[in-house]
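I opened this structure for a first look. These are my notes, in the order in which I looked things up.

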Amino acid sequence: MTRLRKLLCFALTATTPLLLAACGSSGSGSANSITLYSGQHEQTTALLVKAFEKQTGINVQVRSADEATLGNQILQEQGNSPADVFYAENTPVLELLREHGFLSPVDTATLRAVPGRYDSAQGDWVGVSARVSVLVYNASALGGAKPPSSILELASPKWRGKVGFAPSETDFQPLLSAIEKVDGRAAAERWLSELKSSGRIYPDNETVVAQVNNGQSAIGPINHYYWYRLRAEEGASGTHSALQYFKPGDPGDLIDVSGAAILKSSSHQAAAQRFLAFLVSAQGQRILAHSDSFEYPLRPGVKPAAGLRPFDQLQPNALTPAELGDGRVPLEMEQRLGLL
Amino acid sequence: MSSNAASASADSVGERLAHGWSGRRRWPLVSVAGAAVATAGVLVPVAFLIVQAQDSGWGTLRRLLLRHSTAVLLWNSVRLTVACTLLCAVLGVGAAWLVERSDVPLRRLLSVLLVLPLGIPDFVTGFGWVSIDPALHGYLAAVMIMTLSLYPLVYLPVAGAMRNLDAGLHEVARSLGDSPARAFVRVTLRQVWPAVLGGCLLVTLGLLAEYGAFEIVQYQTFTVQIFTEFKLGFDAAAACGLSLVLVLLSIAALGGELALSGRGRAFRTGPGAGRPAGRIRLGRRRWPALAALAALCGLALGVPLGSLVYWMTRGSSSTLPSTSILAAAGHTAEYGAAAAAIATVLAVPICMLSLRHRNRLTILIERVAYLPMALPGLVVALGLVAFSVRYALSLYQSALELILAYAILFLPLAVVGVRSAMAQASPALEEVGRSLGSGPAEVFRRITLPLIAPGLGAAFALVFISSSTELTATLLLRPTGVNTLATQFWTYTTNFSYGAAAPYAGLMVLISAIPAYLLSRRAIAPAGRSRS
C-alpha cells in the first residue's frame, strides 16, 4: 500500500504545476490586454496585431482557428467567452451572433470609416476587407472555349464534366442566396441540381483552384484571393490558370466581406473598440492591402495589392452582405438536394 | 485437439481460481475509484450530446434523418467501415505475426515503420494520394487510404500481445502434429484474439466518426451531415441529435465485439518463467515476406512522406522561424505525453474491473469508455467547452484541459492496449501472490504490472501518437497563443503555404517515431522478467 501511496503522491506532485499554471493563465488578463478570436488569414492578422500593439500599448492575445470552430465556440461559451473581439472571414457567422444577442454596438466613427453597405445594418459589426467572387479557369482544359461570364451558365450542359465547385464552403452559400434573390427560388434550385449532376464536388476552394490549375477541372467559382494565394505559392511557372470576372450585375458577381465585432461579455470594451477602429484606420487597411492575403481593403482611398483589379472598377450586383443573411436558406436547399 | 485440451485445462484452472476467489474478494477500492474518474470524464461529452440533442426537438431531427441522402450516407459509412475493418485486421495481424513471431529480416526497423502511418495527419495521406493520381476518388479510394492509415490500430495491440506470447502452447500444438498454419489459427490467433478484436473495434469506431480524410477523395459519410450542421448551420443541437445515430451504430459495434470475444480465455501457462517464444523460421519465404512488409510501409508511409518532400522542395513558402517550430514540437510532445500517461493509468482500473471482476456493471463501464472514439472530435471538444465554462471556468483553455481532452478522446486506445495484455495474464498468478501473503498493491506491482507492461507501452504509444496529430479539440481548447505542430500545419495548409507546412508534418511523424522506437526495443529484448 505504501508504494501505491508513493505513486499517487508522485502523480499529484507531477500534475500540480500544470494545475497551478492552468489557474494562473486562464484569467481574462489585465485591463491593458484583449483576447482576439480570429478566423482570418493568420499571418495578416499577426501583422495587424503587432502594429496595433505598437501604436496603443494594448496587448492582444490571438486565438486563431477557422471561423466555424470559433463561432460554435462562442455559442457554447454562452456569455462566458474569454474573447473581447471576434474577427471573422465571412459575415453570416457575425449575423448569427448578433441574432443571439452576443455582440455590442460598434462605435459610429468606426462604422463610418467604410461604406455603410458593408457594415451590419444594426451597427453590431464592421466590414474590414472584401473579396470578389470570380471564376478560375484553365485555358488548355477548356480547349480554347471562352469561359462563361455568368454564374448561371455554369450549370449549362456545355460545361458538363468541366466544372469543379465546393458546395460545403461558406463562400458558396452567398452565391446561391444571390441567385435566389435575383431569379427566384425555383431557378436557384434548378441551377443547383444541374450543377450537381454536371460538375465535380471538391471539399474546399483551395482544392477547386488547385484542381483547375492542374487541369483536373476546367472552371470553378471561387473568391479571387484563392487564386492569388495559389500563384504566390506556385510562382508564375506553376500557374496554369487565370481569372474570369462575371459580367456586371450577374448574380455571381458578389462581394464577400470579412468583418469584426465586439462581444457583449467583454470587460475591455474600450480597448476592443480601439482595435476595431484600428482595423479600418488608414494604417490598418494599408497593412491589410500589402499583406499576402490579397483581400481588398474597404476604406475608401486605400489601394489594394498590385495586380488586383481596382475595387471601384468591380461592378458587383446590388445585394449587400446583410441582405444575403445567415445562410440558412441555401443550406437547406443544398441539404435537400443531397449536396451536403 | 490436444493443444486445445492444454489451453482449455489452463483456462479452467484459471477460471476456477478466479471464480473461487471472487466471491470472497472485496471490491478493489483503487480500481473502482480510478474507473469512476475515467467514466466521469467520458460521460461529460456524452451528457453534452444528450442535453443538446433534446434541445433540437424531434421535428428537426426527423427532417434531418428522413432525407433521402441520410440513407445513402449511412450506407456509405457502414460499407466503408466493414471493408476497412476487415482489411485492417488482415494487414495488422499479418504484419504483427511476421515482425514478432517470424525471422523476417529487418524486423526491428519494420516494427518502427509499421506504426508511423498513425502519426501522419489524414490530410497529408489524402493529399499525397490525390497528387499521385488526381482522379482518385470514391469508395475504393476511401477504403484504401483509410486502411493504410488505420491498420496500425490493429498492428500495435496485436504485436504487443504476440510479443508477450507464451511459447509453450504453440510448441505443444506443433509437437502434437499441428501444421504451422493450424497452430497459428488454433493457438496463436486464439491467444491474441482480444487484441485483434480490440484493434478492429478501434478502427470501426474511428471510421464512424471520421470526416476530414474523406473530403479529399470526395467520399461522403454520415458524419458529413453532422459537420454541415456545425460548420454551416451553427446548429449544435441538430448536430448532436445526428451524432446520436453514431452512438447507436457504435453500441452495435461494441455489442458485436463483446459477442465475438466469447468466453474462452487464453492465458499464458508459464508467464513467471518468461521464456522467450522461438521465432518461426520462414526459410526462403523470408524474402517475399519482407517484400510484402516493405510494400505496406512504402504505400502507407512513402506516399504521404513523398508529398511532404515534394512540398518542401517546390513550394516558395519554405521559410519559417525555427523557434516557432521547436516551441510547437515541444508543446505537442508535452501534451501528448501527459495525455498518454493519464489515459494509460486510467485504462488499468477499467480493465482490471472488467477482466478480474467481470459482471454486468464492470463490462458496461468498459464499453462506455469506448464511446469517445465514435464521436466526432468536435462534439467531444464542444462538450468540454460547455462543461468548463459552466463548472470549471479556471480550467477553460488551459494546458491541463487540453491534456484531459486528449486523455478522454483517446482513452479507448489505451483500454485496448491494456486489455489485450491483461487478458493474457492469468489471474491464477495474482491469486497465488495473494495466497502467499502479498497485499493487492504488492501483487499488482510484482505480478500484474510486469505481465501487462508491453500492453501499457502500446497504450501509451497509441495515445501519444494520436494526440500529436489531433486538430479539432486542439483548436478549441489549447491555451490562447499556444501552437502545436498540428495547428501550425493547419494554418499553413489553409493558406496554400504547403512548403512552410511540410516541416511541421515531418516533425509530427518524427515525434511519433519516438514511442514506436522505444516499443521496438522492448520487442527485441526477450519478453518477461529476463530483463530485470
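I took helices (H or I, at least four residues) and strands (E, at least two) as DSSP runs, numbered from the N terminus. The model is predicted, so I kept local features at pLDDT of at least 70 and side-chain atom pairs at pLDDT 80 or more, while totals for chains, interfaces and linings use all residues. Residues are numbered from 1 along each chain as its sequence is written, and chains are lettered from A and ligands numbered from 1 in the order in which they are written.

**Chain A overall**

I counted 14 helices and 11 strands in chain A. Its radius of gyration is 23 Å, close to the 20 Å of the globule rule for 340 residues, so chain A is as compact as a globular protein of that length. The radius is taken over C-alpha atoms, and the rule is 2.2 Å times the number of residues to the power 0.38. Along the principal axes, the C-alpha atoms of chain A fill a box of roughly 75 × 60 × 45 Å.

I then looked up contacts (C-beta atoms, placed from the backbone, within 7 Å). Of those in chain A between residues at least 6 apart in sequence, 76% join residues at least 24 apart.

**Where chain B touches chain A**

I found 44 residues of chain B in contact with 49 residues of chain A. Several helices of chain B each supply at least two residues to that side, among them α3 (68-101), α17 (377-391) and α21 (440-469). By class, the side of chain B that touches chain A has 23 nonpolar, 17 polar and 4 charged residues. Ala, Val, Leu, Ile, Met, Phe, Trp, Tyr, Cys and Pro count as nonpolar, Asp, Glu, Lys and Arg as charged, and the others, Gly among them, as polar.

**A helix pair in chain B**

How do α2 (residues 29-65) and α12 (residues 236-261) of chain B cross? Their axes come within 6 Å and cross at roughly 85°. I used axes that are lines fitted to C-alpha atoms, for helices over the stretch in contact, with angles from 0 to 180 degrees between N-to-C directions.

I noted 10 nonpolar, 5 polar and 1 charged residues in the contact of α2(B) with α12(B).

Technical notes
Contact = placed C-beta atoms within 7 Å.
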